[in-house]
Amino acid sequence: MTSDATRFRAALAGKLPEMLALIERLVNIDSGSYCTAGVNQVGAVLAAELERTGFTVERHPMRECGDQIVGRKRMGGKGRLLILGHADTVWPEGTVRDWPYAASGGFATGPGVGDMKGGLVMAIFALRELLAAGFDGLESISFFIVPDEELGSIHSRPRIEDAAREADWVLVLEPGRPGGGVVTARGAVGAFFMHAHGQTAHCATNYRKGASAVRELAIKVPLLEALSEPDRNVVVNVGVFHGGAARQVIPGEAKIDIDVRARTAEQAAALLAK
Ligand SMILES: [Zn+2]
């Protein structure tokens with residue numbers, strides 16, 4: 001006898017070209033968290049796919065980022081499932097131009113192909129197969145796509161918490177780990193932005209009047225990163241460093257973006273205090 005899993009796997013294998021075409025379409029839209037138009041374009045494509053799958057879709061406009069997409073499907077069974085995903089990526093505007101979707105040798109590449117446009121497409125196709133086969137075993141399925149996950153879901157957090165409270169189970173569409181591992185817990189994440197204001201001056205004619213904002217922040221980079229304890233999963237990473245305007249001018253402005261990770265809330269609080 002063929003198990004359900006084997007049957008669905010075979011059905012989905014036949015859909016691979018269609019799935020890859022949709023992944024390609026999504027990956028080739030720049031949708032970094034700050035590309036609001038692109039995030040909304042990705043959201044619109046996914047909303048249409050969810051509607052095609054039988055979901056009722058709502059769009060919640062956000063002031064500070066792209067829109068949230070919420071699909072709902074009522075059924076006749078028991079248990080409420082929430083499927084959680086995000087439309088944004090970490091890649092800035094213009095990335096697609098230099099690094100568009102490509103597939104060869106069994107691998108697909110491009111900005112957000114794994115995290116998580118591939119996951120979104122797989123979930124929609126899996127649901128479509130289940131529903132087409134008459135699956136009715138749950139009370140409801142909610143499919144929530146947030147626009148700001150890569151910023152820490154700062155604007156979407158209240159609605160995620162509400163949706164999670166209403167659900168019995170949550171499946172998150174983040175990519176797997178090597179060996180097929182599934183992530184079942186995440187630690188704390190923080191984002192910090194440090195600006196330095198110095199005094200610009202021409203470095204040849206007015207050297208003594210200048211005060212370098214770049215130098216001030218450069219001194220802080222190793223001090224900040226020394227707070228990392230990688231063996232305890234505590235990480236402080238200066239991921240962006242901007243400063244200065246011209247080679248011969250003492251830089252009056254500089255800024256760094258700092259990412260912070262910790263395993264527990266206690267570690268995060270200790271790190272914040274430091
Ligand atoms: Zn992700």
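Modeller: I begin at A133, which lies in the loop between α5 and β6 (140-146); helices (H or I, at least four residues) and strands (E, at least two) are DSSP runs, numbered from the N terminus. This is a predicted model, in which local features need pLDDT of at least 70 and side-chain atom pairs count only at pLDDT 80 or more, whereas totals for chains, interfaces and linings use all residues. Residues are numbered from 1 along each chain as its sequence is written.

A133 counts as exposed because it has 12 C-beta neighbours inside 10 Å; a residue is buried if 20 or more other C-beta atoms lie within 10 Å of its own, exposed if 12 or fewer, and partly exposed in between, with C-beta atoms placed from the backbone. The C-alpha atoms of A133 and F8 are separated by 9.3 Å, although these residues are 125 apart along the chain.

Helix α1 (residues 4-13) and helix α5 (residues 113-132) have axes 10 Å apart and pack at an angle of about 120°; axes are lines fitted to C-alpha atoms, for helices over the stretch in contact, and angles run from 0 to 180 degrees between N-to-C directions. That angle makes α1 oblique to α5, given that angles under 35 degrees count as roughly parallel, over 145 as roughly antiparallel, 65 to 115 as roughly perpendicular and the rest as oblique. On the α1 side the contact is made by F8, A11 and L12, and on the α5 side by F125, A126 and E129; two residues are in contact if their C-beta atoms, placed from the backbone, lie within 7 Å.

Helix α2 (residues 16-27) also packs with α5, at an angle of about 140° and with the axes 10 Å apart. The two helices, α2 and α5, are therefore oblique to each other. Here M19, L22, I23, L26 and V27 of α2 meet V113, K117, G118, V121, M122 and F125 of α5.

Within helix α5 lies M116, and a cis peptide bond, with omega about -10°, joins D115 and M116.

S153 is not a glycine, yet has a positive phi of about 50°. With 21 other C-beta atoms within 10 Å, S153 is buried.
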